[in-house]
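Please look over the sequence and the structure below before reading on. The paragraphs that follow take up aromatic contacts, a sheet and a ligand site in turn.

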Amino acid sequence: MVDRRAFLQTLALPCLASRAAASDSDARFIVEARFYEKLPYKKIKCKLCPRECVIDDRERGYCGVRENRGGTYYSLVHSRVCAAHIDPIEKKPLFHFLPGTMAFSVATAGCNVNCKMCQNWDISQVRPEQVSSTYMPPAELAGNARQYQCPSIAYTYSEPVVFCEYVLDSADAGRAAGVRSVVISGGYIQQDPLKELCRRVDSIKIDLKAFSEKYYQEVVNGELKPVLNTIVTIRKQGIWTEIVYLVVPTLNDSDEEFRSLARWVKTEVGPDVPLHFSRFHPEYLLKNLPPTPLPTLERAKAICDAEGLHYVYIGNVPGHPAESTWCPKCRRAVVERAGFTVKAVHIDEGKCRFCRQIIPGIWGRPSHI
Ligand code: SF4
Ligand code: SF4
């Protein structure tokens, strides 16, 4: 449970990554990339995300955190943490994963898309040299999570795909220390690295930005299809996943889009995958639009409920009943939430305490915490 004291403690913590600025040329941050192909004339092709950047010697890919040096490709952000905070897991949001626990949350600079509504553009749209960072190697990260009684590490804020070598190594270090790993991602990644992530982490939450290629082209500078493939693969690999859909007024909020989304989720990954409709606040390049009206979020939920999805949430609206988890059989609240606070959990051994319906997810708390 997140009690008041623990929550206030997290608010009082300084940003753990602000301790020291790292030298730009610090070799500790540089490791060979794992997913790329060597080409003639010292060129390389990055195979990490669907962009497949082809990069000349001494150049970087679109994400700005990977560099070709003499025909070998390197990540420049291994252990190069530019943001570190202790957050409730509900803030990610992951609602069916160790509710009421804290996640030790880290990011490096960089992202492989450029969302016009990005809330973290100051770290996602910059090169590593442009932000203050600290060296936090995997074992230290896992140790920090344990020290602050976080049963999980969350890779979040910017885009973990572009710092995937750090995620993979830290997930291993976390497992060795009894700490789980959750990835908070836009899901724009190729299948091989995705499957590698699925072997090493415990949950992947996907921000599905919209259900149209047009939106992905115009607002995200990415593609929808690879993200849908990502969600299907995560599910097939048996990794816990939840989907978040940020509802942006006039851009991705039609009944048809919500209905198409619900039907796709139900058919391709099943009605038990939680779907969160999150309220947009004007940010970055979309300051001209208003916050999402509550009736729009409730309309989205009503459409998806009617299509047969079992766990449809409304996010960024503290106090709304759709923040809680309701048993799809007896309709009682099995996880009661208010904002990021979990007030009660009525789930025993993965089942509703009232009617014994199975509630899918990863429940409970590791015994060592
Ligand atoms: S991860 Fe970066 S370098 Fe690799 S293809 Fe994607 S944007 Fe390009
Ligand atoms: S994927 Fe996330 S971090 Fe990257 S630009 Fe979009 S919102 Fe920002």
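**Aromatic pairs, a sheet and a ligand site**

Across the whole structure, a search finds ten aromatic pairs. One of the pairs joins Phe 95 and Tyr 313: the ring centres lie 4.8 Å apart and the planes stand at 80°, over the 60 degrees required, so this pair is edge-to-face. Phe 95 belongs to the loop between strand E8 (83-88) and strand E9 (102-107), whereas Tyr 313 belongs to strand E16 (residues 312-315); the pair therefore ties together parts that are 218 residues apart in sequence. Both Phe 95 and Tyr 313 are buried. Elsewhere, one aromatic cluster is formed by Tyr 245, Phe 258 and Phe 277. The model in which these contacts are found is a predicted one.

The next element is a sheet. Three strands make up an open sheet in the order E17-E18-E19, and their pairing is antiparallel. Its edge strands are E17 (325-326) and E19 (341-345), each of which pairs on one side only. Between E17 and strand E18 (residues 333-338), the antiparallel pairing extends over two bridges. Within this arrangement, Thr 325 stands opposite Val 335 of E18.

Which residues are around ligand 2? They are Cys 111, Val 113, Cys 115, Cys 118, Ser 124, Gln 125, Tyr 157, Ser 158 and Lys 209. Sorted by class, this shell around ligand 2 comprises five nonpolar residues, three polar residues and one charged residue.

Note on methods
Residues numbered from 1 in each chain as written. Chains lettered and ligands numbered in written order. Predicted model: local features only at pLDDT ≥ 70, side-chain atom pairs only at ≥ 80, totals over all residues. Heavy atoms only, no water. Near = heavy atom within 4 Å. Nonpolar A, V, L, I, M, F, W, Y, C, P; charged D, E, K, R; others polar. Pairing = 2+ DSSP bridges. Helix = DSSP H or I, 4+ residues; strand = E, 2+ residues; numbered from the N terminus. Phe/Tyr/Trp six-rings, centres within 6.5 Å; stacked < 30°, edge-to-face > 60°. Buried < 20%, exposed > 50% of the residue type's maximum accessible area, 1.4 Å probe, protein only.
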